[in-house]
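Morning, everyone. Please have the sequence and the structure open while I talk.

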Amino acid sequence: MGGGVVVKDFGECGYFEARDGCMLAEAMHPARETLPFRGYSIARAYIEPRGRTFPHVLKNSAETYVILSGVGTLCAGGETVALRAGVCAAVPCGVEQYVVNGGDERLEFLCIVSPPWSEDDEEIFAARP
């Protein structure tokens, strides 16, 4: 009897440079495969030491960061949030955001976007702060 469980290994997904400048491995996106959910997408990302993402806005989606390792800062809507392993930070839709890796090791995190990430929903600002 099949339960319909979908299993993905981030190590097998392959990383690419996302539009905001982080390295991203998309594990589950309901628009790209059959999944038991439709309301969100999940990706694993990293930023190298002393790196940062471009400021960007998800116009109609909220994004939750789940920090796996490293340290950094989330800058969102005029607030700054210290990031370290174990921290979860949710950014509401329509809020400009970027992440800075201020540490000496890779900052690794999950990105959970609801509704699922789409290129049309994201606006990237050209200059990094």
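Start at R106. This arginine lies over the face of Y46, at 3.6 Å from the ring centre. Keep in mind that we are looking at a predicted model.

Now follow Y46 into the sheet. Y46 is the bridge partner, in β3, of M23. Strands β2 and β3 run antiparallel, and 5 bridges join them. M23 has another partner: in β2, M23 is the bridge partner of E17. That takes us to β1, which is joined to β2 (residues 23–28) by 2 bridges, again antiparallel.

Next, β3 itself. This strand is mostly covered, with 6 of its 7 residues buried. On its way across the sheet, β3 is joined to β10 by 7 bridges, and the two run antiparallel. Look at A43: it stands opposite C111 in β10.

β5 (residues 62–69) and β10 (residues 107–114) pair in the antiparallel sense over 7 bridges.

On to the rings. How many aromatic pairs does the structure hold? It holds 3. I will show two of them. In one, the ring centres of F37 and Y40 are 4.2 Å apart and the planes are at 5°, so this pair is stacked. F37 is buried, at a relative accessible area of 15%. Y40 is partly exposed, at 32% relative accessibility.

The other one is Y65 with F109. Their ring centres are 5.6 Å apart and their planes stand at 65°, so this pair is edge-to-face. Y65 sits in β5 and F109 in β10, so the pair ties together parts that are 44 residues apart in sequence. Are these two residues buried or exposed? Both Y65 and F109 are buried. For anyone new to this, a pair of aromatic rings is described by the distance of the centres and the angle of the planes.

Now a loop. R50 lies in the loop between β3 (41–47) and β4 (56–58). R50 is exposed, with a relative accessible area of 55%. What does R50 touch, leaving out residues up to four places away in sequence? The list is N101, G102, G103 and D104. Also, the C-alpha atoms of R50 and L107 are separated by 9.5 Å, and these residues are 57 apart along the chain.

Cysteines next. How many disulfides does a search of the whole structure find? The count is 0. Take C75. Its sulfur is 15 Å from the closest cysteine sulfur, in C22, which is too far for a bond. The cut-off used here is 2.5 Å between sulfur atoms. C75 is buried, at 13% relative accessibility. Then take C93. Its closest cysteine sulfur is in C111, 17 Å away, too far for a bond. C93 is partly exposed, with a relative accessible area of 43%.

Last, the overall view. The protein has 1 helix and 11 strands. From the N terminus on, the elements run α-β-β-β-β-β-β-β-β-β-β-β. The radius of gyration is 15 Å, close to the 14 Å that the globule rule gives for 129 residues, so the protein is as compact as a globular protein of that length. The C-alpha trace spans about 50 × 30 × 25 Å along its principal axes. Buried residues make up 43% of the 129. And of the contacts between residues at least 6 apart in sequence, 69% join residues at least 24 apart.

That is my tour. Questions, please.

Technical notes
Residues numbered from 1 in each chain as written. Predicted model: local features only at pLDDT ≥ 70, side-chain atom pairs only at ≥ 80, totals over all residues. Heavy atoms only, no water. Pairing = 2+ DSSP bridges. Helix = DSSP H or I, 4+ residues; strand = E, 2+ residues; numbered from the N terminus. Phe/Tyr/Trp six-rings, centres within 6.5 Å; stacked < 30°, edge-to-face > 60°. Buried < 20%, exposed > 50% of the residue type's maximum accessible area, 1.4 Å probe, protein only. Lys NZ or Arg CZ within 6 Å of the ring centre and 35° of its normal. Contact = heavy atoms within 4.5 Å. Rg over C-alpha atoms; globule rule 2.2 N^0.38 Å.
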